[in-house]
Every structure is written in structure tokens, then in C-alpha cells.
Amino acid sequence: MDAEHWDRFGALHTRVEQELAKALQQHHKLGLSEYRALARLAASDDGELRMQELADLIGLNQSSVSRLASRLESSGLARRDLCPGDRRGVYSVITDEGREMQSRARPTYDDALRAALDSVAEDGSLGPLVKSLRP
């Protein structure tokens, strides 16, 4: 992959991310990172992940995921828990309210993703890239 293709991939990513963020905020008052954290937590065993694992899964650094966890906690969507075997380790645990929010937001996310990709597919320079990503 050369720089031109990489730049087009970055442009595609940016356009889709903007649409996803806008839809989630508009319909659920939920940020894109918050949604992704809830989705990862909901899909995990026991609804919990170590903070570092969550950071890696959603592409945030440790301090950013800590702030994200604080926002989720203050909204009642997740809570923190200490690792039983290692009191230094901290888990983020999805709450019932968090599961409900993620479940309600999932169709919005899916619809916004589909619409954003459909829109970008019409772009002369990005359309072929979208087509190559779709099954």
C-alpha cells in the first residue's frame, strides 16, 4: 500500500467516523468512544474487561480510557471493579443500564455505518475503496 492509498483510507475512516459520532450523539446523547466501549464490554465474558484491554480494543491510551470510564461511571452505564487476584488491576464492568443503552444504540450505529458507506461509495476517489471492503 502506498501513501496515496493510505491517505484515501484515512479519508474514508474520517468521514465514516464523523457520521457515526453525529448519529449516536443526536439519537442517544452518546459519544462514539462510549458506544464502542459499551459494545466491547457487552460482548465480553461477564461484561467486564481490564482497563488496559479495553483501551487496546477501542484504540485509546490509558489516560483516555480512564477518563472514558469515568464518564461511563458517572452516567451509570459502567462501573469499576478491582481484579480479585491482583488488587492493582482495575476492570470496567458494564451495568444493566449500559447494556440497555448499547442495545438501543446498536441499530443507530449499524444504520449510520451503512448510510455513511453508501454515501462515500458514490465518491469518485473513495468509492472503489468502499467496494473493496464490502462483501
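Visitor: How much space lies in the largest pocket?

Guide: About 200 Å³. Before we go on, this is a predicted model, so to speak: local features need pLDDT of at least 70, side-chain atom pairs count only at pLDDT 80 or more, and totals for chains, interfaces and linings use all residues. Residues are numbered from 1 along each chain as its sequence is written, and side-chain values use heavy atoms, with hydrogens and water left out.

Visitor: What makes something a pocket, and what does its volume stand for?

Guide: Rolling a probe the size of a water molecule over the atoms shows where empty space is left. On a 1 Å grid over the protein atoms alone, a pocket is an open set of points with protein on both sides within 12 Å along at least five of seven lines, whereas a cavity is a set where a 1.4 Å probe fits but cannot get out. Grid points are joined across faces, edges and corners, and the volume is the space filled by probe spheres set on them.

Visitor: Which residues line the largest pocket?

Guide: A lining residue has an atom within 4 Å of a point. Among those that do are Phe9, Leu12, His13, Tyr109, Leu133 and Arg134. Two elements give two or more residues each, α1 and α5 (96–121), and α1 has the largest share, six residues.

Visitor: How many of the lining residues are nonpolar?

Guide: Eight are nonpolar, with one polar and three charged. Here Ala, Val, Leu, Ile, Met, Phe, Trp, Tyr, Cys and Pro count as nonpolar, Asp, Glu, Lys and Arg as charged, and the others, Gly among them, as polar.

Visitor: Why is the contact between Arg71 and Glu34 called a salt bridge?

Guide: Side chains of opposite charge can pair when their charged atoms come close. The rule asks for a side-chain nitrogen of Lys or Arg within 4 Å of a carboxyl oxygen of Asp or Glu. Arg71 and Glu34 have N and O at 2.6 Å, so the pair qualifies. The two sit 37 residues apart, Arg71 in helix α4 (residues 62–74) and Glu34 in helix α2 (residues 32–43).

Visitor: Are those two residues buried or exposed, and how do you know?

Guide: Buried means under 20% relative accessible area, exposed over 50%, and partly exposed in between (1.4 Å probe, protein chains only). Glu34 has 12%, so Glu34 is buried, while Arg71 has 39% and is therefore partly exposed. Of the chain's 135 residues, 37% count as buried.

Visitor: What other pairs pass the salt-bridge rule?

Guide: Glu19 itself is partly exposed at 35%. Another pair is Asp81 and Arg79, at 3.7 Å from N to O. Asp81 has 33% relative accessibility, so Asp81 counts as partly exposed, and Arg79 does too at 39%. By this rule the count comes to ten salt bridges.

Visitor: What makes Trp6, Phe9 and Leu133 a nonpolar surface patch?

Guide: Patches take residues with over 30% relative accessible area and no salt bridge; nonpolar side chains (Val, Leu, Ile, Met, Phe, Trp, Tyr) are joined within 5 Å, like charges within 9 Å. These three make a patch of about 330 Å², with areas from the Shrake-Rupley method and a 1.4 Å probe, only the protein chains shown counting as cover for residues. Leu133, found in helix α6 (residues 127–133), is exposed because its relative accessibility is 52%.

Visitor: Where does Lys29 lie, and what is its phi?

Guide: Lys29 lies in the loop between α1 and α2, and its phi is near 55 degrees, a positive value in a residue other than glycine. At 64% relative accessible area, Lys29 is exposed. Asp46 also has a positive phi, about 65 degrees, although it is not a glycine. Asp46 lies in the loop between α2 and β1 (48–50) and is exposed at 68%.

Technical notes. Helices (H or I, at least four residues) and strands (E, at least two) are DSSP runs, numbered from the N terminus.
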